[in-house]
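Colleague: Could you walk me through reading a model like this one? I would like the general idea each time, and then the case in hand.

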Amino acid sequence: MRAMLLDAPGRPLRAAEIERPTPGPGQLLLAVHACGVCRTDLHVADGELLHPKLPLVLGHEIVGTVAAVGAGAAAAGFKVGDRAGVPWLGWTCGECRYCRAGRENLCDRARFTGYQIDGGYADFTVVDARYALAIPPGYSDVEAAPLLCAGLIGYRALAAAGDAARLGLYGFGAAAHIIAQIARWQGRRVFAFTRPGDEEAQRFALELGAVWAGDSTGEPPEPLDAAILFAPVGALVPAALRAVAKGGTVVCAGIHMSDIPSFPYEILWGERVVRSVANLTRSDGQEFLTLAAKIPLHCEVESFPLARAGEALRRLRAGELRGAAVLDVGR
Ligand SMILES: [Zn+2]
Ligand SMILES: [Zn+2]
């Protein structure tokens, strides 16, 4: 099968022919149709997340159809021909204190798709059937892919923002463009912050229902009740703290961020909160995809053939995408 391989951090992806995986006990073999390109893929490729499996197939927003079912995997409810999605959370131990407390996103021994487990930048992949997700009908494969991380982890970040009526989103890319739609559907007012001068992204945010869009270096027209940082820029943490009202929460949604500069205590004072969100639980996935079926969401996607995965990563790094980049693997 075709795969785009990461041989080592800092190296460009390499197009290769590798052996098609076979599903072990409890696993599904999926024919990959589409795989989203996430900022986390960049962090892995750049060596900002340590100790990846090498060589590695990146990609953890996978949509495909079940091509074979390993021994015992049918118990998870999938059969050959079903459409299935694979998110970032690939395996958890079920035994540690986090798993036992319903917080498997924090599992001490968790393994992640496209990081410790080969992912979806390939014609086929295998997944532990217990971690696969059913994809709502009404979304094409390419449109559904960004739901599996940008949407899903964005949704966990939105939940962490509490019932904030005035919500700031810093970095208006794949995740924010989905979360803005949910926030609006929930009756919140969305304020979008982009790279300075990125008028295209600001227009895009306004089209999706943001009440205001502007530069991340500036201030919103009124105080916010919460802010979610999707941009991996530590300097935005004090900026967002200055933008939120007393009692407001700043949620850092990315897996990696540049260092946060020091800031005066007075911008944290007033019971403001800074927190991160990490990974996802399977129930986050089911809850979010049920909501995505109901709303429904519009995913703005720029698709690339598998062989152009490197270009998709480069465009993401440069901030040159509108919405989400997705590999259209069947193309
Ligand atoms: Zn665990
Ligand atoms: Zn991701």
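Modeller: Gladly. Two residues are in contact if their C-beta atoms, placed from the backbone, lie within 7 Å. Helices (H or I, at least four residues) and strands (E, at least two) are DSSP runs numbered from the N terminus. This is a predicted model: local features need pLDDT of at least 70, side-chain atom pairs count only at pLDDT 80 or more, and totals for chains, interfaces and linings use all residues. Residues are numbered from 1 along each chain as its sequence is written, and chains are lettered from A and ligands numbered from 1 in the order in which they are written.

Colleague: What do the buried residues of H6 pack against?

Modeller: Against helix H5 (174-185), E12 and E13. A residue is buried if 20 or more other C-beta atoms lie within 10 Å of its own, exposed if 12 or fewer, and partly exposed in between. In helix H6 (residues 199-207), Ala-201, Gln-202, Phe-204 and Ala-205 are buried. These residues lie on the same side of H6, because they cover an arc of only 160° around the axis (the arc of the directions from the helix axis to the C-beta atoms). Glu-199 and Glu-207, on the other side of H6, are exposed. Just after H6 comes Gly-209, with a positive phi of about 105°.

Colleague: And what is the strand order of the open sheet of six strands?

Modeller: Strands of a sheet pair through backbone hydrogen bonds, either parallel or antiparallel. Here two strands pair if DSSP finds at least two bridges between them. The order is E13-E12-E11-E14-E15-E16, with parallel pairing. Strand E13 (212-215) and strand E16 (273-276) are the edges, each pairing on one side only. Between E11 (residues 166-170) and E12 (residues 189-194) there are five bridges; one of the partners is Arg-189 in E12, for Arg-166.

Colleague: Which strands does helix H7 lie across?

Modeller: Helix H7 (residues 236-243) lies across E11, strand E14 (224-229), strand E15 (244-252) and E16, at about 150° to E15. Axes are lines fitted to C-alpha atoms, for helices over the stretch in contact, and angles run from 0 to 180 degrees between N-to-C directions. Leaving aside neighbours within four places in sequence, Ala-240 is in contact with Gly-168, Tyr-170, Ala-227, Leu-229 and Val-250.

Colleague: How does the other open sheet, of three strands, read?

Modeller: Its order is E2-E1-E4, with antiparallel pairing. Strand E2 (14-17) and strand E4 (56-57) are its edge strands. Strand E1 (residues 2-6) and E4 pair over two bridges, and Leu-5 has Val-57 as its bridge partner in E4.
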